[in-house]
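This report covers the fold of one chain and its contact with a second. The sequence and structure come first.

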Amino acid sequence: MNSTAMDILLVEDNPDHAELTRSALKKGGTHRVVWVKDGQEALDFLHRQGPWASHTGESPSVILLDIGLPKVNGHEVLGSVKSNERLRCIPVIMLSTSGDPDDVARCYEAGANSYVIKALDFADFVGRVKAIKDYWVNTNVVPEACEGASA
Amino acid sequence: MGQSRMNILLIEDNPDHAELTLKALENGDLTSRIHWVKDGEEALDFLHHRGRFADPTAAPRPCLILLDFKLPKVDGHEVLQEIKGDRTLRSIPVVMLTNADRGEEIAASYRAGANSVVTKPIGFPEFVERIRTVEGYWLRTSRLPEA
């Protein structure tokens, strides 16, 4: 298993949310958390372009993606990940403040792996991030490579 | 969360695994109802309200599907492809259950649109524990689409 060394990509423009999420993700694990602040930076990191052109590390094993992002929003980043042969196997967990059923359905229809509502309460917020980490790092499995011979 | 009773569809041909899964889920959240079908053909009948599931009340739309990879008649991968290729069904999260840590099976599942892939542990207590973890995450942490 490669779960101990996995990279988590956190795409979050709100610095308070990012700080809380990062510390909850890092607790009790050796995985690396890469934080980018907007959708354009997320695309640069994932597609190894712009400031990340020389990045040679592996793709992240899981992506936590805020929906309301500047420049390029979460829906567009999701679409880019799920239409890319190399990236589409990476689980994408959408983070949102909206519980609107239409928003939830729209994300699942576009290929989001999971949809989590950011809790307003501090303890609940941290608890939910820990639950995300426990599931996607310790329980869910991801392939070493996404491209395959069979369709 | 204020959600009405949540229907979970379990598609599993191995009766021991099905029984353990049902047991694990029963002891967990009472707000969910589990529907068990034994092969891929039955699963598609359930989802499309065909055959013995023609009455929609006998086969309510699930908000979560647990799908064994290897199934008789229509296998799990085909069921997954059918669900994710159907405009009305594709928003339902599908958790694939695989017997072992098999890379190609896992990658093929994600390519076909699986929301998550989880391996089935060999030991009974570990198996029950894993199913409870899956249930806990999907029913309490993740928001599911409405029925």
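## Overall dimensions

With 151 residues, chain A would have a radius of gyration near 15 Å as a compact globule, and its value of 15 Å agrees with this. The radius is taken over C-alpha atoms, and the globule rule is 2.2 Å times the number of residues to the power 0.38. The C-alpha trace of chain A spans about 45 × 35 × 30 Å along its principal axes.

This is a predicted model, in which local features need pLDDT of at least 70 and side-chain atom pairs count only at pLDDT 80 or more, while totals for chains, interfaces and linings use all residues. Residues are numbered from 1 along each chain as its sequence is written, with chains lettered from A and ligands numbered from 1 in the order in which they are written.

## Burial and contacts

In chain A, 35% of the 151 residues count as buried (20 or more other C-beta atoms within 10 Å of the residue's own, with C-beta atoms placed from the backbone). Of the contacts in chain A with a separation of 6 or more, 65% are between residues 24 or more positions apart; a contact requires C-beta atoms, placed from the backbone, within 7 Å.

## Sheet and helices

Chain A has five helices and five strands, and the sequence reads β-α-β-α-β-α-β-α-β-α. These elements are DSSP runs numbered from the N terminus: helices are H or I of at least four residues, strands E of at least two.

The strands of chain A form an open sheet in the order β2-β1-β3-β4-β5, with parallel pairing (two strands pair if DSSP finds at least two bridges between them). β2 (32-36) and β5 (114-117) of chain A are the edge strands, each pairing on one side only. From one strand to the next the twist averages 20°. Parallel strands β1 (7-11) and β3 (62-66) of chain A are joined by four bridges, and A:Ile8 stands opposite A:Val62 in β3(A).

Helix α1 (15-26) of chain A packs on the sheet, where it touches β1, β2 and β3 of chain A, and its direction makes about 165° with that of β2(A). Helix α3 (74-82) of chain A lies across β1, β3 and β4 (92-96) of chain A, at about 155° to β3(A). Axes are lines fitted to C-alpha atoms, for helices over the stretch in contact, and angles between N-to-C directions run from 0 to 180 degrees.

## Interface with chain B

Contacts link 26 residues of chain B with 29 residues of chain A. On the chain B side, the elements giving two or more residues are α4 (103-111), β5 (116-119) and α5 (124-141) of chain B. α4(B) gives the most, with seven residues.

Note on methods: A residue is buried if 20 or more other C-beta atoms lie within 10 Å of its own, exposed if 12 or fewer, and partly exposed in between; C-beta atoms are placed from the backbone. Two residues are in contact if their C-beta atoms, placed from the backbone, lie within 7 Å.
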